[in-house]
Amino acid sequence: MIRVAVATCLALAAALPLRAEVDIIEVETPGGINAWLVEEPSIPFVALEVMFRGGTSLDDPEKRGAIHLMAALLEEGAGDMNAQAFARAREDLAAGISFSVYDDGLDVSARFLTETMDDVTELLRTAINEPRFDDDAIERVRAQVLSGLRSDLESPNTIAGQAMSAALFGDHIYGSSGDGTIESVTALTRDDLVDAHGRVFARDKIYAAAVGDITEDQLAALLDAILGDLPETSVPLTAPVEMSFWGDVQVIDYPTPQAVIRFAQPGIARDDPDFFAAFVMSQVLGAGGFESRLHNEIREKRGLTYGVGAYLQAKDQADFMVGGLATANSTVNESISLIRAEWEKMRDAGVTQAELDRAKTYLTGGYPLRFSSNARIANILVGMQLDGLTPDYIVTRNDQVNAVTLEDVARVSAELMDPDALSFIVVGQSAELAN
């Protein structure tokens with residue numbers, strides 16, 4: 001019966017009108033945990049997001065991959081429940097509970113009926129505070145991770161991405177994969193996973209949001225019950241990184257008919273006053289999909305690739321602009337020349353009025369589509385908190401996009417676009433590469 005109810009709630013949630021204006025309530029629990037809440041009592045369903053800042057960047061450098069493996073084991077038994085019992089308890093509640101981790105955060109997502117809130121709260125509390133890390137679960141999940149790492153060794157896309165990270169970030173923790181290596185993951189012990197858990201789960205790293213049929217008092221009680229027993233602090237966040245841009249092409253020889261190209265240059269901080277001008281500029285250059293200049297020049301006019309893009313990217317301690325494409329080995333040099341030409345064109349002339357208008361229309365029109373479900377709204381709210389934004393950003397965001405002028409884009413393009421720093425990694429095999 002609960003499963004049917006959940007399916008009905010999900011269908012109703014998907015049918016709710018899209019909206020980009022939501023009433024955000026800032027909640028502080030008796031235990032001192034801060035969260036954002038959007039009350040939506042029309043269906044008895046709740047979406048909860050809890051983010052622990054830091055993610056795999058909190059790894060002990062000598063134990064790379066420990067936090068990734070630890071996060072994968074959080075659904076594999078907790079308290080007095082082994083992996084099978086935990087899965088059965090979650091299924092009986094018809095709750096969606098998942099854990100995911102990336103460089104700068106570990107995300108806890110939960111979707112549940114209001115009537116099961118107490119039981120889901122206890123299940124989450126147990127999973128976060130009392131993971132078992134049973135030997136059989138460790139070996140089963142380790143085998144899955146190792147299988148993925150072996151596949152990565154044969155993936156040109158992964159090879160290119162990891163090479164770009166290593167080149168940009170060097171010895172900083174960002175320079176290596178949070179998944180670890182075959183050697184590092186193989187060597188991890190249960191004690192390493194316990195240590196990894198303690199590095200991530202602390203109250204000073206919590207960002208939380210809930211959307212749905214839940215009140216302020218209920219959310220406060222839920223968060224204190226789940227998170228109130230965690231230690232106040234853990235290891236500090238990773239240090240700032242000085243990125244390295246070499247302004248040339250590095251080639252990794254690899255037997256593949258389609259070479260993979262990654263490129264990067266310095267970016268702009270999210271809190272920079274010129275961020276929105278840079279954001280609109282990147283939409284025109286490469287983030288706008290079929291409408292972007294890079295797509296038009298490299299795919300539409302010349303058919304050199306199926307897809308190409310470039311966009312602003314931010315980590316907690318690094319801001320940069322990154323892009324990529326795949327093309328035949330014989331057309332790598334042509335593709336790189338075209339990218340450099342578009343970089344220079346954007347630096348020297350900015351965008352046209354038609355491009356500016358089109359980019360604004362797309363960015364403002366697409367924004368409400370992000371608010372299509374309680375789960376997506378909760379995710380957005382946590383992301384806003386991580387970026388240091390205020391609740392009224394949802395209302396003012398499109399105004400900030402629309403306020404960008406041609407002069408703003410021209411000025412920021414001249415300052416930000418740096419063809420001399422534009423750096424390329426190519427994974428492929430051709431005598432013509434980098435000649």
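Helix α14 contributes the most to the lining of the largest pocket, with seven residues. The model is predicted, and local features therefore need pLDDT of at least 70, side-chain atom pairs count only at pLDDT 80 or more, and totals for chains, interfaces and linings use all residues. Residues are numbered from 1 along each chain as its sequence is written, and side-chain values use heavy atoms, with hydrogens and water left out. Helices (H or I, at least four residues) and strands (E, at least two) are DSSP runs numbered from the N terminus.

The largest pocket holds about 1,400 Å³ of space. A pocket is an open set of points on a 1 Å grid over the protein atoms alone, where a 1.4 Å probe fits, with protein on both sides within 12 Å along at least five of seven lines; lining residues have an atom within 4 Å of a point. Volume is the space filled by probe spheres set on the points, which are joined across faces, edges and corners. Of the 39 lining residues, R270, F275, A314, G383 and D387 are the closest to the centre of the largest pocket. Two or more residues each come from β3 (45-53), α10 (275-287), β11, α13 (353-366), α14 (374-386) and α15 (393-402). By class, this lining comprises 19 nonpolar, six polar and 14 charged residues, where Ala, Val, Leu, Ile, Met, Phe, Trp, Tyr, Cys and Pro count as nonpolar, Asp, Glu, Lys and Arg as charged, and the others, Gly among them, as polar.

The second largest pocket has a volume of about 810 Å³. Its lining numbers 37 residues, with T158, G161, Q162, S165 and S177 nearest the centre. Helix α6 gives the most to this lining, with eight residues, and the class composition is 13 nonpolar, 17 polar and seven charged.

Strands β10 (residues 258-266) and β13 (residues 423-428) are antiparallel over five bridges, and R262 has I425 of β13 as its bridge partner.

Terms used
Two strands pair if DSSP finds at least two bridges between them.
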